[in-house]
Amino acid sequence: MPRSITGNVSPDSAQAPNRLDVALGLRIRQRRKALNLSQTALANAIGLTFQQIQKYDRGFNRVSFSRLVDIAHALDCRVVDLVGDLDDASLPSPLFRQPTAHLREAGAPDLLAAYSALPERLRKAVLKLMVEMVKTTRAARAA
């Protein structure tokens, strides 16, 4: 942050988090939620407070490399799985090839967890039902 002549941070110099810090935080949060881990559970696993994990999740605090390694190990993945291609928006990440914004919808992680716990034949039936529900809803809106 820019400092004034007195060395104090000038009040109008507050900056938004860097987009890469926010993107990394989102990937950490997505992986944590996919594993059904709370911020507190992740914090305990790596010796931090849940508030610090919350700041990482939102990109308000930068994650040091050593801390990123700790987080990746606690999330049972590799650093590259979290960082991937964050520096090149034109390359899709292997873990996140599909758009993932819909996973932030209320109930989406619970629905996905329940779906993945079903036997394959029931997953197929649930998916078919959901696709038909969406078609019906869209047709009703269009009418």
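Tutor: Let us begin with a cut-off: a residue is called buried when its relative accessible area is under 20%, exposed when that area is over 50%, and partly exposed in between. The values discussed here come from a predicted model.

Student: Why is Q39 called buried?

Tutor: The relative accessible area of Q39 is 19%. The limit for a buried residue is under 20%, so Q39 is classed as buried.

Student: Where does Q39 lie, and which residues does Q39 touch?

Tutor: Q39 lies in helix 2, which covers residues 39-46. Leaving aside residues up to four places away in sequence, Q39 touches R32, F50, I53, Q54 and D57. R32 is itself among the buried residues of helix 1.

Student: Why is V126 called partly exposed?

Tutor: V126, a residue of helix 7, has a relative accessible area of 30%. Partly exposed residues fall between the buried limit of 20% and the exposed limit of 50%; V126 is therefore partly exposed.

Student: What makes the nonpolar surface patch that includes V126?

Tutor: L111, V126, L129, M130 and M133 make the patch, with an area of about 440 Å². Helix 7 (residues 120-142) gives the most to this patch, with four residues.

Student: How do you know that the span of helix 1 agrees with its number of residues?

Tutor: Helix 1 has 16 residues, 19-34. The expected span is 1.5 Å times one less than the number of residues, so helix 1 should span 22 Å. The end C-alpha atoms of helix 1 are 22 Å apart, and the two values therefore agree.

Student: What caps the N-terminal end of helix 1, and what follows helix 1?

Tutor: The cap is N18, with a side-chain oxygen 2.7 Å from the backbone nitrogen of L20. Helix 1 is followed by N36, which has a positive phi, near 60°.

Student: Which residues of helix 1 are buried, and what covers them?

Tutor: The buried residues of helix 1 are D21, L24, G25, R27, I28, Q30 and R32. Their cover includes helix 2, helix 3 (50-58), helix 4 (65-74) and helix 5 (79-83).

Student: What can be said of the chain as a whole?

Tutor: The chain has seven helices and zero strands. Buried residues make up 22% of its 143 residues. The accessible surface of the chain comes to about 10400 Å², and 57% of that surface belongs to carbon and sulfur atoms.

Notes
Residues numbered from 1 in each chain as written. Predicted model: local features only at pLDDT ≥ 70, side-chain atom pairs only at ≥ 80, totals over all residues. Heavy atoms only, no water. Helix = DSSP H or I, 4+ residues; strand = E, 2+ residues; numbered from the N terminus. Buried < 20%, exposed > 50% of the residue type's maximum accessible area, 1.4 Å probe, protein only. Contact = heavy atoms within 4.5 Å. Patch = residues over 30% accessible without salt bridge, like charges linked within 9 Å, V, L, I, M, F, W, Y side chains within 5 Å. Areas by Shrake-Rupley, 256 points an atom, 1.4 Å probe, with all protein chains shown as cover. Salt bridge = Lys/Arg side-chain N within 4 Å of Asp/Glu carboxyl O. Polar contact = N/O pair within 3.5 Å; in protein donor to acceptor, adjacent residues only side chain to side chain.
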